Structures are given as structure tokens and as C-alpha cells.
Amino acid sequence: MSKDIFARYSRQIFIEEIGLEGQRKIINSKVLVIGAGGLGSPVIQYLAAAGVGNMGVADFDEVELHNLNRQIIHTENTVRTSKVKSAELFVKNLNHQVSFTGIEKKITPSNAEEILSQYDIIVDGSDNFTTRYLINDTCTKLEKPLVYGSILGFSGQVAIFNYKGSKNLRDLFPEPPSEENIPDCDSLGVLGALPGIVGSMMAMQALKMITGLPLQTDQLTLIDTLNWKFQTIDF
């Protein structure tokens, strides 16, 4: 490992459980982040900072002013540009060693398998149930591990699905809720630091997955930042 790479990642390499071998795994990893919004932003930030060698980011939206309270990789200068291009600019400014692939497409039944099959780990930062279930079902079919997160108001959830034979989203929630019962951040809001917390947890799980560290599967972590409670539920 070259001196500049060692110097850059030394604080990770010094961790006994990571070391040089773990850093090589990070550099050689291929991770797809779906969504460059509230959850995707901290995921992209910390995976790029850690040195994930090959990062794909899929999003079809443009940056809007109201995104900036929580989507911290975007700036006032990138408002009205695509989130993928904004994310690429952020990653290149942070870590030029990351190979970035922008996917300015909506994940649909017609393209999901083709896109997801090119990556080792999928991180779902999408914001709707249709996409979440499509991603989950595609990962299950392709036997791809999936890092899942969701946020609303002061609350969040994190889980790992389909990792080494573990359960998936449908084992926890067999069917998505009906459309009239679906809450969303557009109508109910979200405090900007919450996706930072949840997205950072998702990035940590992805990095642990890459480096082969122990992971708790078949478990949903619930985050309540209003009352500052964290609990896990086995399923």
C-alpha cells in the first residue's frame, strides 16, 4: 500500500479489527447507494471518506433548496442540478481515489437487476415503499446483501437484510402499507440531523460488512431522537 494511501486511511488501519487487509477490502469494494438525499448523503460521505473504491449512486431527482437542511453533500451552488452530478462533485472533491459511477435513473422493475447485479453491497436510501420493496426483492433474488434505513420526523430505523442467508424486508413487513396510510417527510417533515444519525449508522454497517466484522442480523434498530431512545427488535 502506497505511503499516501496509508497516510490517508491510517486512523482506520490502526484499528486492530481493520488493519491493512481490511483497508484493502474497502478499496476493492463495490457499493451501490440508491438515493442521494437525506440518507444517501451521509452514506456517500462516509463511504467515500473511508475509501470505498467503487461507488455507484442512483438518483433521478434534482437538488432543491428545501433539500439543504438535511442533504449535506449538496450546496446552494448545485440547486437545480441533478443530485447524481452534485454527489459526484462532492465525492471527487473529498476523495479522488474513489471511482464514481452516476446512475441518473429511477430504479424500476425493468432495470433493477441489471443495475444491482454490478455491485457487492446495496445501500437503500430511497424514500418510498415501492422502491424499497423492489430493491429488497431484487437483492433477495440476486443474493445481494442490503443495508436498509428509513426516517420520519424524529424517528428512524436501520436493518441489514439478506446477509449470508439472513431474513429480508418481507420477513419483517410482508407487504407495504396502503397508499393512504403512507406518511412522508414532504408532509410531516424531518429534522436535518436525524438522517445524519441514521445514514451514518447505515454507512457503518456497510463498512463492517465489507471488512467482515461481526453483524447483528434479523434485527431492526429503532431510533427515537425526541426521547433519545434506541432499541432493537428481533424478527
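Ser166 touches Ile160, Phe161, Thr217 and Asp218, not counting residues up to four places away in sequence, where a contact means heavy atoms within 4.5 Å. The structure is a predicted model, in which local features need pLDDT of at least 70 and side-chain atom pairs count only at pLDDT 80 or more, while totals for chains, interfaces and linings use all residues. Residues are numbered from 1 along each chain as its sequence is written, and side-chain values use heavy atoms, with hydrogens and water left out.

Ser166 is found in the loop between strand S6 (155–161) and helix H8 (169–172), helices (H or I, at least four residues) and strands (E, at least two) being DSSP runs numbered from the N terminus. Ser166 is buried, with a relative accessible area of 10% (buried means under 20% relative accessible area, with a 1.4 Å probe and protein chains only). The side chain of Ser166 reaches the backbone nitrogen of Tyr163 at 2.8 Å, and a polar atom of this side chain lies 3.2 Å from the backbone nitrogen of Asn162.

In helix H3 (residues 19–28), the buried residues are Gly19, Gly22, Gln23 and Ile26. Because these residues cover an arc of only 100° around the axis, they lie on the same side of H3, the arc being that of the directions from the helix axis to the C-beta atoms. The buried residues of H3 pack against helix H2 (10–13), H4 and H10.

Notes: Buried < 20%, exposed > 50% of the residue type's maximum accessible area, 1.4 Å probe, protein only. Polar contact = N/O pair within 3.5 Å; in protein donor to acceptor, adjacent residues only side chain to side chain.
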